[in-house]
Amino acid sequence: MPITGNKGEWSEIYTLFKLLGEGKVHAGDADMNKMELYYPILNIIREESRKYEYRPNVEQNIVVVDEDGNEYARISMDRFMEESNSLLSEIKSAKDRAFSVPAAESFMSEIGCTKLKAPSKDKADIHIVIHDLRTNMTPLLGFSIKSQLGSASTLLNAGAPTNITYSIVGAELTDDEIEQINSKPEHLQRMQALLDKGCSLVYCDIEHQTFKNNLLFLDCCMPQFVGECLISDSMPNSTSSLKDAVENVASRNPFHFTGSDVTSFYEHKMKVLLLDAALGMTPANEWKGRYDANGGYLVVRKDGEIVCYHFYNRNDVEDYLYNNTRFERASRSRYNFGSLYRGEDGEVYIKLNLQIRFKK
């Protein structure tokens with residue numbers, strides 16, 4: 001059976017080929033431009049049914065070593081570059097959601113790869129030993145791969161655990177009015193109808209206790225901060241921009257911060273959330289602050305260039321995430337999103353749902 005996958009999955013093999021062909025990876029700035037700073041690659045480790053190590057040597061070859069320490073293959077770095085360029089063309093031209101690339105699959109078999117995605121229990125898609133020229137350290141690091149060649153991927157997935165409850169205040173709503181508002185097909189239309197009736201949303205609680213605890217682990221203000229950002233994202237003039245939502249919250253300053261830069265106070269909270277969600281934190285599992293993708297992010301740009309956001313350069317990683325993600329609203333048919341309901345106490349409530357996706 002041929003190996004098939006989508007553009008994002010083939011991008012992981014493309015990343016393996018290209019990094020081994022170039023023998024280094026450049027750092028990226030907040031706008032995904034390549035910087036002069038780069039990291040030489042000393043080793044890439046991939047584990048499927050067997051573990052293989054890919055080691056560049058001074059003769060410009062990649063020596064493939066199996067888990068017993070035996071040499072499996074020795075292939076020039078130029079060949080890896082040729083294969084990466086060929087695979088990039090196939091990925092860009094693919095029309096089907098899932099597709100095969102026979103030439104790439106043939107080369108994969110030469111280097112011990114049998115799957116597009118190496119099995120992983122964490123958020124790391126590839127493990128690399130890099131040489132940090134500034135610290136002279138050579139750590140083995142796990143990196144998450146994000147590709148702009150395929151569909152935009154999610155940073156924080158929607159689900160029942162990411163529901164947030166709000167009370168509707170400012171005006172009494174009858175059951176007929178609730179039904180009328182709920183009948184509107186679009187979320188922003190319902191929010192406009194609430195505003196027209198003089199209503200507003202007030203944060204109540206994070207519905208799922210584990211997710212609430214995870215947010216509290218990040219910052220004791222984080223649950224309400226996230227809730228306030230979703231209120232901003234639900235206004236009729238919303239752009240789904242994280243930056244716009246943060247600036248809106250900062251203008252209201254719900255935590256009464258009195259420092260010289262109120263916007264930076266709230267921006268920092270969003271960057272903390274994004275970084276921890278990117279490198280390990282998930283809503284439904286208890287978070288203890290241990291990063292899975294402890295190296296950071298590798299981003300495959302639309303032109304096929306790869307840039308690295310190394311966790312040592314934390315500010316760069318945070319800026320990249322902040323500049324390249326957006327809110328996405330869940331489907332109205334899922335997670336009870338966006339519908340008004342009357343609680344047992346007779347008050348009216350609504351559930352919004354947190355989901356953050358990368359921009360294309």
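## Aromatic pairs, cores and a buried glutamine

Tyr309 and Tyr320 are both buried. In this predicted model, the two residues form a stacked aromatic pair, with 4.3 Å centre to centre and 15° between the planes. Tyr309 belongs to strand β14 (residues 306-310) and Tyr320 to helix α10 (residues 314-323), so the pair ties together parts that are 11 residues apart in sequence.

The count of aromatic pairs comes to 15. Another of them joins Tyr297 and Phe358, whose planes stand at 40°, so this pair is tilted. Tyr297 is in strand β13 (residues 296-300) and Phe358 in strand β18, so parts 61 residues apart in sequence are tied together. Tyr297 and Phe358 are both buried.

| Pair | Centre to centre | Angle between planes | Class |
|---|---|---|---|
| Tyr309 and Tyr320 | 4.3 Å | 15° | stacked |
| Tyr297 and Phe358 | 6.0 Å | 40° | tilted |

Ring pairs also link Phe225, Phe255, Phe257, Phe265 and Tyr266 into a cluster. Phe225 and Met270 have the most contacts inside the largest nonpolar core, which has 62 residues. Helix α9 (residues 262-279) gives the most to this core, nine residues. Apart from this core lies another, of 44 residues, including Leu16 and Phe80.

Two lysines lie over ring faces: Lys24 over Tyr38, at 4.8 Å from the ring centre, and Lys271 over Tyr322, at 5.4 Å.

Gln355 sits in the loop between β17 (348-353) and β18 (356-358). Gln355 counts as buried because its relative accessibility is 9%, under the 20% cut-off. Its side chain makes a polar contact with the side chain of Glu328 (2.6 Å), and a polar atom of the Gln355 side chain lies 3.1 Å from the backbone nitrogen of Ala158.

Notes:
Residues are numbered from 1 along each chain as its sequence is written. This is a predicted model: local features need pLDDT of at least 70, side-chain atom pairs count only at pLDDT 80 or more; totals for chains, interfaces and linings use all residues. Side-chain values use heavy atoms; hydrogens and water are left out. Helices (H or I, at least four residues) and strands (E, at least two) are DSSP runs, numbered from the N terminus. Buried means under 20% relative accessible area, exposed over 50%, partly exposed in between (1.4 Å probe, protein chains only). A polar contact is a pair of N or O atoms within 3.5 Å; within protein, one must be able to donate a hydrogen and the other to accept it, and residues adjacent in sequence count only if both atoms are side-chain atoms. A nonpolar core is a set of buried Ala, Val, Leu, Ile, Met, Phe, Trp, Tyr and Cys residues joined through side-chain atoms within 4.5 Å. Rings of Phe, Tyr and Trp (its six-membered ring) pair if their centres lie within 6.5 Å; planes under 30 degrees apart count as stacked, over 60 as edge-to-face and the rest as tilted. A charge sits over a ring if NZ of Lys or CZ of Arg is within 6 Å of the ring centre and within 35 degrees of the ring normal.
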